[in-house]
Amino acid sequence: MHDTIEAHGAGATTPAPAPPSTSALRRLGRALAPLPWIGPAVILIGAVVLWPVIEMVRTSLLRISSSGATLGSRGTGNYRDLFDESDLVSVLLRTVVWVVGVVLVTIVVSLALGQLLNARFPGRRVVRWAVIVPWAASVLMTALTWKWMLNYYYGVVNKVLQGLGLIDHPVNWLSHPTQALMWMMWVAVFVSLPFTSFVILAGLQTIPDDVYEAARVDGAGRARTYFRITLPLLRPSLLVAAIINVINVFNSFPIIYAMTGGGPGSKTDTSTTFMYKLAFTGTGDVGESAAMAVVNFALILILVLVYLRVVGWRGEAQA
Amino acid sequence: MSSLSTPRRQGRPGGRSGSVGRGRQRSSGVDWSKLARRTILAGVGYLVAFVFVAPYLEMALTALKPDRELTKSPTTFLPKHWDFANFVNVWKAAPIWKNMQVSLIVAAVATLIALVVALPAAYYTARNRFRGRGAFLLLVLVTQMFAPTALVIGIYREMVALNLTDTLFGLILVNAAFNLPFCVWILHGYFSSIPKALEEAAYLDGAGKVKALTRVTLPLSLPGLVTAVIYTFIGAWNEYVVALTITSSPNRQPLTVAVPGFVTSYQQHWQYLFATSLIAIVPVVVLFVFIERYLIGGLTAGSVK
């Protein structure tokens with residue numbers, strides 16, 4: 001990307017080169033040739049995806065009034081404020097529990113789901129369509145349905161659990177931080193399952209029949225075949241699914257925001273909702289929120305680097 | 001991309017009909033055990049399907065309940081009185097027609113921009129080797145992992161600086177830009193998988209560069225195009241955090257931001273909330289089901305190559 005931008009800069013500033021350097025001209029022309037094709041994409045990504053990154057880092061070093069006006073530099077003051085927040089440690093710990101718990105459960109359940117979706121039985125297509133639904137539906141609206149189903153007085157969850165004899169009297173699920181967190185983690189698993197099980201399904205479909213055939217000839221049983229052959233061959237799909245899920249679950253904002261608003265207090269906040277609340281509720285400190293965002297972003301960046309390693313990015317044909 | 005070329009017919013071994021005597025049991029019991037297996041699988045399958053659809057079923061059933069039945073405890077699964085009028089009244093209860101227009105315009109224009117910008121970039125990088133190609137693809141791969149949620153503070157500050165808060169244009173820009181990397185990536189994969197020779201054959205037949213592209217390459221990469229379009233559209237249609245942050249006037253908010261407004265401390269119209277949700281969800285679920293077979297190929301293009 002940098003090459004092309006520099007080349008463009010050079011093209012704009014250098015006056016027409018002297019006649020003998022036709023080869024230089026041609027080289028310049030060749031360097032500029034990709035610009036009309038990839039230039040717009042670079043500009044759009046740069047201006048709308050990369051600029052906010054820079055703006056965020058800059059804001060984290062500024063003093064911002066509650067109305068959003070910049071009141072000058074603040075050094076590391078926002079970070080000091082952030083680290084002084086009494087809730088920060090518990091929010092960060094909860095974020096780890098949230099991400100690890102949701103992703104682990106999602107992957108284990110998806111392994112089974114992928115197997116089911118790959119097996120042959122009548123009506124398989126319909127089951128696949130049903131599994132897609134939470135993927136296409138708005139996560140916010142899915143979370144709102146769960147909130148309604150978990151309602152203390154009118155929710156079907158209490159009715160079903162009472163009908164099954166699992167609880168004696170209705171429970172106000174979303175008002176207790178631990179129970180609320182468990183339910184929200186379930187909703188996060190619920191919306192992550194479709195993508196994950198489809199990635200695993202795609203992985204299963206790339207395993208050729210003869211591998212299984214050979215295993216059977218060698219007399220391997222079902223479990224052995226699965227753990228010695230299927231699972232190792234699913235490794236690439238599993239790794240990609242895991243990393244994409246970690247990033248998505250980390251960023252999962254609507255579930256918590258819609259179901260408990262992170263409350264009571266910030267007892268069900270993860271660092272993402274915590275960041276949002278720092279800026280847009282109460283006295284609203286955009287600077288401190290930006291500091292939280294930078295911390296979050298740094299964590300995600302590490303994950304992206306891991307992702308690149310996994311995908312096996314080798315700088316595919318540098319120049 | 002290989003998952004695309006591998007046909008889904010590749011089931012488990014022994015799954016093919018007519019392969020008598022391949023199973024462990026060679027007696028006539030083979031068919032029975034297979035039948036039992038299939039029945040159990042189907043049973044489990046339908047149960048799973050129900051679990052995945054159940055919340056949306058509850059959504060629909062609640063959307064059809066009259067007000068008085070919503071606040072009945074214990075609740076009933078089915079409405080006693082099926083109040084289909086909710087789906088009519090909801091349009092009067094809030095400016096959701098306006099919100100739907102916003103959602104539609106933002107999603108459609110963002111998709112259009114993402115596609116128009118992604119197509120040439122993906123095509124050029126698939127067909128040519130040039131200085132900066134690797135850097136460009138790396139940029140695309142990395143920014144694909146960036147979610148607006150993580151950057152919402154930066155986006156908010158940028159929109160304030162550009163005076164684009166509370167505008168549709170701001171929403172369009174954000175949705176187009178954040179979906180662009182995925183579009184480039186999936187289209188790049190498709191274009192790369194189409195042999196150059198096909199285009200060269202078209203040149204021999206007297207077609208120009210543009211004609212070769214529109215008549216040969218684009219039709220062959222149609223699944224990728226459709227996937228990119230639908231994926232971007234649904235992503236923009238469901239986008240919540242940025243819209244929540246940068247819009248404030250009710251008639252410039254998309255459905256995702258407007259829908260929770262039916263249930264606040266002042267009013268509790270769950271039936272309208274879910275009626276609107278269903279109106280928003282059903283079309284995109286249909287779209288997603290439509291591209292089901294292509295969904296994964298694109299998403300895992302980088303890994304399963």
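Student: How far apart do the end C-alpha atoms of residues 290–308 of chain A lie, and what percentage of the span is helix?

Tutor: Please keep in mind that this is a predicted model. In chain A, the end C-alpha atoms of residues 290–308 lie 26 Å apart, and the span is 100% helix and 0% strand. According to UniProt, in an unreviewed entry, residues 290–308 form one of the stretches of chain A marked "transmembrane region".

Student: Which residues of chain A does the annotation "domain: ABC transmembrane type-1" cover?

Tutor: The UniProt annotation, from an unreviewed entry, covers residues 92–307 of chain A. Over those residues the chain is 75% helix and 0% strand, and the end C-alpha atoms are 22 Å apart.

Student: Where does UniProt place the feature "transmembrane region" in chain B?

Tutor: The unreviewed entry gives several stretches of chain B, including 136–156 and 270–291. Residues 136–156 of chain B are 62% helix, and their end C-alpha atoms lie 26 Å apart. For residues 270–291 of chain B the helix content is 95%, with the end C-alpha atoms 31 Å apart.

Student: How many helices and strands does chain B have?

Tutor: Chain B has 15 helices and zero strands. Of its 305 residues, 44% count as buried.

Student: How are two packed helices described?

Tutor: The description uses the angle between the helix axes and the distance between those axes. Here, helix α7 (residues 139–149) of chain A packs with helix α14 (residues 270–290) of chain B at an angle of about 150°, the axes being 11 Å apart. The crossing of α7(A) and α14(B) is left-handed.

Student: Which residues make the contact between α7(A) and α14(B)?

Tutor: From α7(A) come A:Met141, A:Leu144 and A:Trp148, while α14(B) supplies B:Trp270, B:Leu273, B:Ser277, B:Ala280 and B:Ile281. By class, seven residues of this contact are nonpolar, one is polar and none is charged.

Student: How many residues of each chain are in contact with the other chain?

Tutor: The contact joins 97 residues of chain B with 99 residues of chain A. On the side of chain B that touches chain A, helix α2 (residues 30–63) of chain B gives the most, with 15 residues. That side of chain B has 62 nonpolar, 25 polar and ten charged residues.

Student: Which residues touch the most other members of the largest nonpolar core?

Tutor: They are B:Ala118 and B:Leu180, in a core of 167 residues. Helix α9 (residues 177–205) of chain A provides the largest share of this core, 18 residues. Leaving aside residues up to four places away in sequence, B:Ala118 touches A:Ala41, B:Leu180, B:Cys183, B:Val184, B:Leu187 and B:Ala228.

Student: Why is B:Asn163 classed as exposed, and B:Asp166 as partly exposed?

Tutor: B:Asn163 is exposed because it has 9 other C-beta atoms within 10 Å, and a residue with 12 or fewer counts as exposed. B:Asp166 has 14 other C-beta atoms within 10 Å, so it is partly exposed.

Conventions: Residues are numbered from 1 along each chain as its sequence is written. Chains are lettered from A and ligands numbered from 1 in the order in which they are written. This is a predicted model: local features need pLDDT of at least 70, side-chain atom pairs count only at pLDDT 80 or more; totals for chains, interfaces and linings use all residues. A residue is buried if 20 or more other C-beta atoms lie within 10 Å of its own, exposed if 12 or fewer, and partly exposed in between; C-beta atoms are placed from the backbone. Two residues are in contact if their C-beta atoms, placed from the backbone, lie within 7 Å. Helices (H or I, at least four residues) and strands (E, at least two) are DSSP runs, numbered from the N terminus. Ala, Val, Leu, Ile, Met, Phe, Trp, Tyr, Cys and Pro count as nonpolar, Asp, Glu, Lys and Arg as charged, and the others, Gly among them, as polar. UniProt positions are given in the numbering used here, feature names are shortened, and annotations may be inferred rather than shown by experiment. A nonpolar core is a set of buried Ala, Val, Leu, Ile, Met, Phe, Trp, Tyr and Cys residues joined through C-beta atoms within 7 Å. Axes are lines fitted to C-alpha atoms, for helices over the stretch in contact, and angles run from 0 to 180 degrees between N-to-C directions. A crossing is left-handed if the near helix is turned anticlockwise from the far one by less than a right angle, and right-handed if clockwise.
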